[in-house]
Amino acid sequence: AGDRAEIGVLSSRTFASTKGSGELTTESLRSRSFGLYGYYRDAGEYFDGADPGHLLVENATMQYIESVAGGDRWRCNPSAWYPLGSTVSFFAYAPWMDPAGGVLDIPAQQSAPMPGGTYTVPSDPREQADFCLSAPVLDWSASKGDVPVSFEHALTRVLFFFNAGGEFYEGNTYRFKVKSLRLDGIAGRNSF
C-alpha cells in the first residue's frame, strides 16, 4: 500500500464578465464555489474522456483554501483522494449549481465518458449566472500537484447600439424611444 493523496485544485480566472448581474469574480467564486467531476480508469490505464471510466468525484462543491501565486487553492468538500496507481481526468464549471435546479443538467453517470450537459438561461436576468467552464484536465496524477483549472465563459454577452443616422454635434441632445427589439438565432438552452 502507498500513501493516499488528497485531490487539490488551483483555479484561475482572468477575463471580463459577460453579464451585468451575478458576475463571476474571484471573490464571488470563493463564496459560491464551483463544481468538479473526476473520472479514472483502472490502475495504469489512461482515461481520455471519450471511453467509459469510473466516477470518482461527482459535482463536488469545492472549498476555497488560500490564494497563492497563479490563482486560488481549493479542495473537495468532503475530501476526495486519488486512487492508488491511477490517474484522474477532471472537468470543472462555475458557479456551483444543483443539477436538479432546472438550469444546469448534467446527467448522473457512475461509469461514463467525461460528462456533458445542458445549460438553460433563466428568463429572469436576476437569476442568470455568469456560467463558466474549464477545459478538461486529462490523466492527472497526485505527483503533479494541484489540478490546474482555468475558467472561460460559456455564454456570450450581447450589446445593443442604436444608430440614429446623420451627424451629431456636441451639446445637442436627442431622445429616442425604441418600441421593439428582435433577436434571431439566440440559444437560450445549449449543450456542452
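## Salt bridges

Let's start with Arg-182 and Asp-184, whose side chains meet in a salt bridge at 2.9 Å, N to O. The term salt bridge here stands for a side-chain nitrogen of Lys or Arg within 4 Å of a carboxyl oxygen of Asp or Glu. Both Arg-182 and Asp-184 are exposed, where exposed means over 50% relative accessible area, buried means under 20%, and partly exposed is in between (1.4 Å probe, protein chains only). As background, side chains of opposite charge can pair when their charged atoms come close.

The structure holds 4 salt bridges. Another one joins Asp-72 to Arg-30, again side chain to side chain, at 2.9 Å, N to O. This pair ties together distant parts of the chain, with Asp-72 in strand S4 (residues 71-77) and Arg-30 in helix H1 (residues 26-32), 42 residues apart. Asp-72 counts as buried because its relative accessibility is 6%, while Arg-30, at 29%, is partly exposed. Then there is Arg-73, which meets Glu-66 in a salt bridge of 3.0 Å, N to O. Arg-73 is partly exposed at 25% relative accessibility, and Glu-66 is partly exposed at 34%. Glu-66 and Arg-73 also belong to a network of salt bridges that takes in Asp-146.

## What kind of model this is

This is a predicted model, in which local features need pLDDT of at least 70 and side-chain atom pairs count only at pLDDT 80 or more, while totals for chains, interfaces and linings use all residues. Residues are numbered from 1 along each chain as its sequence is written, and side-chain values use heavy atoms, with hydrogens and water left out.

pLDDT is the predictor's confidence in each residue, from 0 to 100. The chain has a mean pLDDT of 81, and 80% of its residues reach 70 or more. Among the elements, S4 has the highest mean pLDDT (94) and strand S7 (residues 111-112) the lowest (58).

## Overall layout

The protein chain has 1 helix and 11 strands. Both kinds of element are DSSP runs numbered from the N terminus: helices are H or I with at least four residues, strands are E with at least two. Reading along the sequence gives β-α-β-β-β-β-β-β-β-β-β-β.

Of the 192 residues, 35% count as buried. Taking contacts (heavy atoms within 4.5 Å), 69% of those between residues at least 6 apart in sequence join residues at least 24 apart. The chain exposes about 11,500 Å², with carbon and sulfur atoms supplying 50% of that; accessible areas come from the Shrake-Rupley method with a 1.4 Å probe, and for residues only the protein chains shown count as cover.

Strand S2 (residues 35-40) is largely enclosed by the rest of the structure, because 6 of its 6 residues are buried. Gly-35, Tyr-37 and Tyr-39 point one way from S2, and Leu-36, Gly-38 and Tyr-40 the other way.

Strands pair if DSSP finds at least two bridges between them. S2 pairs with strand S3 (residues 53-68) in the antiparallel sense over 5 bridges, and Tyr-39 stands opposite Leu-55 in S3. S2 also runs antiparallel to strand S5 (residues 88-94), joined by 6 bridges, with Leu-36 opposite Ala-92 in S5.

## A three-stranded sheet

S6, S8 and S11 form an open sheet of 3 strands in the order S6-S8-S11, with antiparallel pairing. S6 (104-105) and S11 (189-191) stand at the edges, each with a single partner strand, so one side of each has no neighbour in the sheet. S8 (residues 118-120) pairs with S11 over 3 bridges, and Thr-118 stands opposite Ser-191 in S11.

Two peptide bonds are worth a look. The one from Asn-77 to Pro-78 is cis, with omega near 5°, and Pro-78 is in the loop between S4 and S5. The bond from Ala-94 to Pro-95 is cis too, with omega near -10°; Pro-95 lies in the loop between S5 and S6.

Ser-33, in the loop between H1 and S2, has a positive phi near 70° without being a glycine, and Ser-33 is buried at 5% relative accessible area. Asn-59, in strand S3, is not a glycine either but has a positive phi of about 50°; Asn-59 is buried at 10%.
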